Amino acid sequence: MPQWLHTFGDQYLMWNEGPLIWISDVLILLTGFGIVFVLTYFKKWGWLWREWLTTVDHKKIGIMYLIASLLMMFRGGVDALLLRTQLAVPNNHFLDAEHYDQIFTTHGTIMILFMAMPFIFALFNIAVPLQIGARDVAFPYLNAISFWLFFFGALLFNISFVFGGSPDAGWVSYPPLAGPEFDKGPGENFYLLALQISGIGSIGTGINFLATILKMRAPGMTLMRMPLFTWSVVATSLVIIFAFPALTVALALLLLDRIVGTHFFTMAHGGDPMMYINLFWIWGHPEVYIVIMPAFGVFSEVVATFSRKRVFGYTSMVASLLLISVISYFVWAHHFFTMGAGADVNTFFAVASMAVAIPTGVKIFNWLFTMFRGRIRLELPMLWTIAFVPCFAIGGATGVMLAAAPADYQYHNSYFLIAHFHQVLIGGVVFGMLAGMYYWWPKMFGFKLDDRLGRYAFWFFNIGFYVCFMPQYALGFMGMQRRMYVYPADMGWNTLNLVSTIGAYLMGIGFLFIVAQVLYSIKYGERDVTGDIWDGRTLEWSLPSPVPHYNFAVIPTVTSRDAWWEMKQTGQIQALRPSADEIAPIHMPKNSGRPFILSACFFVAGFGFVFEWFWLAALGLLGVVICLILRAFEYDDEYHIPPHEVVETESALGRL
Amino acid sequence: MERGAQTTQHGHHSPTLYIVGYVLSLVLTAISFVLALTHAMSLGPTMWILMILAGLQILVQLFFFMHVTEGDGPPYHSVTLLIGLIFTFAICLMSIWIMTFHYQSY
């Protein structure tokens, strides 16, 4: 091998780090070639560009978010299994310290920002416009930009594994550890730039959906007639809009520290590393409510549908969502009680943190009362919802334990904390997102996911969850700290760690069953011919599955909560089936390739900043500016679907 | 999708408004940058002036670029703005409270 290739291989491709990297290289190349081959062989490049890369249709964007987040769940899950394999037995040397650091960093970052976030956005996109009787979101072009910024942000983050080196300062990336002195190399820059780029997309989504819900509801759908999932999106969007800027600031300042040599977070020259921690958690705590509140929304829809009752205490559900979103801004310091800001500060934030349990408790009781004397059908969405209730209740209770500031000095950064936040994030967010996926899958694709395989997935994942995380509460009490990559054999932790690892593998098997379930159901899944496969309550179930791209041939007029259910009860379904002469030309946004190109330019700029190749960064930013200018002078970005085309589509669906 | 309808309702703003706003925001930024860079004053007064300049900057953005006084339908933007102000002030004041470590002076 020539010398330059050897140097390049070691410096940028990390070929000196061993087989994990080599295997990944080979797999990535094979997958890449496979995708290119299939697209070329079946002549699908044009289809890919026209139907997906340039689309501004919220339903297709939702599907792309869903696919991306499932892929990221796989990557994050593999990371988790590597970590648990390393910790299965004492004095293990499956991974070295450096690799272990990198893997827990990518596991955390990917699961929160590149799995949970796109998963909630997937459900936003799929459900919200359909639930409020709109034809698209308020800003479809911005919606496409949001998706592609997320996509290229995630790509930038993941590419670090095989090009340049992964970040290794934890998903919180605290300075001074993440600062220029202790963390040389591009890994940390990858983290900062990738989050920055996808963060712009997230703010865009927050603004987009708040505007959509406030401005584009069907006539008659007052705020208090909206489905609860839509309400949860209102609360979430508010939190996104006001929380994400704090992350943007924290990341930007740390990036300046690293590549320009400023001193915002160094001890020298008047900086203060704790300020980063403060800023990070001003975003970080609202962030966990950003991902949990849409799950609450899903549970409200699922519980009502599968108990065949309207949801108990609608008004208190709305009030508690809004209360959670406000309180979420007053609790962030509980992530660093041990910083020692003072007894008064800790007392305030401890009480505020415990207060979150009140509106959350209201919601839990409302779901239970909705089920009470309902005619419950244990379909997959309902199964995950029922599993969520005890899991989240235990997670919430251990959360209140952690919120007690004096006790937190004991729990802080121990495995007790790890078990707690996995319990609320998996038991709350992942269960909720899977429930939502099963619930709206027929609406997206026109077929149901197979029940039997889904039940295997459910039981493996659920039992695996408790086997994995219950021992970690005990390990925390026994003194095991988070982020330790190896432990001696005489601590008494051996059995519990081994049990925990077995649980993690059971969850991995559960995930494989979900993959098998999707693949099996594409061919054999029950087809949804009515569009209302669950006997649903809200407007999205009044449409055929999959939904035609203009959504509603005629915008419905809403007269009550659970509008579709009421129409079915009073026999007014025909009111939603328009006659041919009612159909007017439908005003739609045009597809555009620019969101994709714009985001690719952001990727190039980010890549330039990561390696401090400023010429490349300048080139990328130039591309961004050109895209923005082109957009400013674009006037012809809308068109009308002629009525006869709508009539044809509707007739083919048997709705005219 | 609604964009086309809205521009016809509001008509167009003259570019003067935007240019004035742009110049004002640049001037405000320049003043604070110079103050921070040259240490022309002691820390206390500099802090106060910077905060006042930041407040003015918010007003410039709201009135010159975001047209906070215009709009039709229910005043959702006022509600959102109010929530935003509450969050902003709460976060700033509590951050100062947390980050002064005042118990250490006891």
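This is a predicted model: local features need pLDDT of at least 70, side-chain atom pairs count only at pLDDT 80 or more; totals for chains, interfaces and linings use all residues.
Just after helix H4 of chain B, B:Phe101 takes a positive phi of about 50°.

**Helix H4 of chain B and the contact between the chains**

The contact between the chains draws 16 residues from chain B and 22 residues from chain A. On the side of chain B that touches chain A, helix H4 (residues 76-99) gives the most, with 10 residues, and the residues of that side divide into 11 nonpolar, four polar and one charged. Within H4(B) the buried residues are B:Phe87, B:Ile91 and B:Ile98. What covers these buried residues includes three helices of chain A, namely H8 (228-259), H9 (273-307) and H11 (343-355).

**Chain A as a whole**

Chain A contains 21 helices and two strands. Its radius of gyration is 25 Å, close to the 26 Å that the globule rule gives for 656 residues, so chain A is as compact as a globular protein of that length. Along its principal axes, the C-alpha trace of chain A spans about 75 × 60 × 50 Å, and buried residues make up 51% of the 656 residues in the chain. Among contacts in chain A between residues at least 6 apart in sequence, 82% join residues at least 24 apart.

**The nonpolar core**

The largest nonpolar core has 195 residues, and those with the most contacts inside it are A:Ala116, A:Leu156, A:Phe299 and A:Ala435. Helix H5 (residues 97-131) of chain A supplies the largest share of this core, 21 residues. Not counting residues up to four places away in sequence, A:Ala435 touches A:Val298, A:Phe299, A:Val302, A:Pro381, A:Trp384 and A:Thr385.

Helix H15 of chain A is mostly covered, since 27 of its 31 residues are buried. The helix bends by about 40° at A:Tyr439, and a proline, A:Pro442, follows within four residues. After H15(A) comes A:Gly446, whose phi is positive, near 85°.

A:Met444 has its place in H15 (residues 415-445), whereas A:Ser500 lies in helix H17 (residues 494-524) of chain A. Why does A:Met444 count as buried? The reason is that A:Met444 has 20 C-beta neighbours inside 10 Å, and a residue is taken as buried if 20 or more other C-beta atoms lie within that distance. A:Ser500 is buried as well, with 24 other C-beta atoms within 10 Å. Leaving aside neighbours within four places in sequence, A:Met444 is in contact with A:Lys59, A:Ile63, A:Ile126 and A:Pro546, while A:Ser500 touches A:Arg84, A:Cys468, A:Pro471 and A:Gln472.

The table sets out two pairs that involve these residues, with spatial separations given from C-alpha to C-alpha.

| Pair | Separation in sequence | Separation in space |
|---|---|---|
| A:Met444 and A:Ser545 | 101 residues | 6.7 Å |
| A:Ser500 and A:Pro186 | 314 residues | 33 Å |

Key
Residues are numbered from 1 along each chain as its sequence is written. Chains are lettered from A and ligands numbered from 1 in the order in which they are written. Two residues are in contact if their C-beta atoms, placed from the backbone, lie within 7 Å. Ala, Val, Leu, Ile, Met, Phe, Trp, Tyr, Cys and Pro count as nonpolar, Asp, Glu, Lys and Arg as charged, and the others, Gly among them, as polar. A residue is buried if 20 or more other C-beta atoms lie within 10 Å of its own, exposed if 12 or fewer, and partly exposed in between; C-beta atoms are placed from the backbone. The bend at a residue is the angle between axes fitted to the seven residues ending there and the seven starting there. A nonpolar core is a set of buried Ala, Val, Leu, Ile, Met, Phe, Trp, Tyr and Cys residues joined through C-beta atoms within 7 Å. The radius of gyration is taken over C-alpha atoms; the globule rule is 2.2 Å times the number of residues to the power 0.38.
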